[in-house]
Amino acid sequence: MKHQLLLSFSCVAIIFLLHLAPITGQAPAGAPSASTSPTNVTAILEKAGQFTIFIRLLKSTLVGDQLSSQLSDQKSNQGFTIFAPTDNAFASLKSGTLNMLSDQEKIQLVQFHIIPSVISLSQFQTISNPLRTQAGNSDNGQFPLNITTSGNQVNVTTGVVAARVDNTISSKGNLAIYQVDQVLLPLAMFGSPAPAPAPETPKKEVPVPSRAPSGSDNASVDSSNAVANSFNSRTLASHVVAATLGGVLLF
């Protein structure tokens, strides 16, 4: 009897252990999940659509990869605000505008659309101008970017173009992306050069008249000769008349 009870207890223990094994092999309910993938700027724009050319520039200049790398390290940056021009915005540019830019200028053009901090729509109302972009400091007037607002409307001006913020593409965590209707052209690259000063018209030298104008001596001599000749003619004529009368009287 004792042997049967011991056998029964052993069977129950084995069955219990068999049921317990799968449970102990599972991860705890509170275990952390796999780390999330870093923020991919180009992927966000691709999902939104109508940003093909801007995405191409982000990739060819490697600015997109740099942004994703910096965004993955939240402790080393304050986030970014990106003004993304649509394909229609690029289509409105003068033909060949992008082709005439050097590789460095293309990088600066893309960086000019990026602010190294997160700006919400409400913050645009009170933000201080000019904004500092990734392209460079605006103190020297090379890359000025200014925000103006009218009610809920936000405009971005560069000194060359005035763009309008039409939509919010993304506004999560340390990244804000806004759709703009114009490509932001920096003053340093697309500003009209200052007009060259007009050449000075050479002043004409006015000759100072001399006291005795040229030819006055000759004129005086000619005048004197004319008077003398006139006097001699009258004298000769009087002598001829006198001689004639004298001849008449003698006869």
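**View 1. Thr158 and its surroundings in the predicted model.** In this predicted model, Thr158 touches Phe112, Pro144, Leu145, Leu184, Leu185 and Leu187, when residues up to four places away in sequence are left out of the count. The place of Thr158 is in the loop between β4 and β5, and the residue counts as buried because its relative accessible area is 1%, where buried means under 20%. Two polar contacts involve the side chain of this threonine: a polar atom of the Thr158 side chain lies 3.1 Å from the backbone nitrogen of Val160, and the side chain also reaches the backbone oxygen of Leu185 at 2.8 Å.

View 2. Strand β4, which covers residues 153-157, and strand β5, which covers residues 162-172, pair in the antiparallel sense over three bridges. Within this pairing, Asn155 of the model stands opposite Arg164 in β5, while Val156 stands opposite Ala163 in β5. Four residues lie between the two strands of the hairpin, and Gly159 takes a positive phi near 95° there.

**View 3. The hairpin of β5 and β6.** Strand β5 also pairs with β6, again in the antiparallel sense, and this pairing runs over six bridges. Ser171 stands opposite Ala176 in β6, and the hairpin has two residues between its strands, with Gly173 in the turn having a positive phi of about 60°.

**View 4. Phe83 and the largest nonpolar core.** The largest nonpolar core holds 46 residues, and the members that touch the most other members are Val41, Leu45 and Phe83. Strand β6 gives the most to this core, contributing five residues. Once the neighbours within four places in sequence are set aside, the contacts of Phe83 include Phe54, His113, Ile115 and Phe124, and among the others are Leu145, Ile147, Val156, Val165, Tyr178, Val180 and Leu184.

**View 5. The buried residues of helix α6.** In helix α6, which spans residues 103-111, the buried residues are Gln108, Leu109, Val110 and Gln111. These buried residues of α6 pack against α3 (52-60), α4 (63-72), β2 and α7 (187-190).

**View 6. Asn88 in helix α5.** Asn88 lies in helix α5, which is formed by residues 87-91, and is exposed, with a relative accessible area of 63%. Although Asn88 and Asp181 are 93 residues apart in sequence, they are 7.6 Å apart in space, taken from C-alpha to C-alpha.

Terms used
Residues numbered from 1 in each chain as written. Predicted model: local features only at pLDDT ≥ 70, side-chain atom pairs only at ≥ 80, totals over all residues. Heavy atoms only, no water. Pairing = 2+ DSSP bridges. Core = buried A, V, L, I, M, F, W, Y, C linked by side-chain atoms within 4.5 Å. Buried < 20%, exposed > 50% of the residue type's maximum accessible area, 1.4 Å probe, protein only. Contact = heavy atoms within 4.5 Å. Polar contact = N/O pair within 3.5 Å; in protein donor to acceptor, adjacent residues only side chain to side chain.
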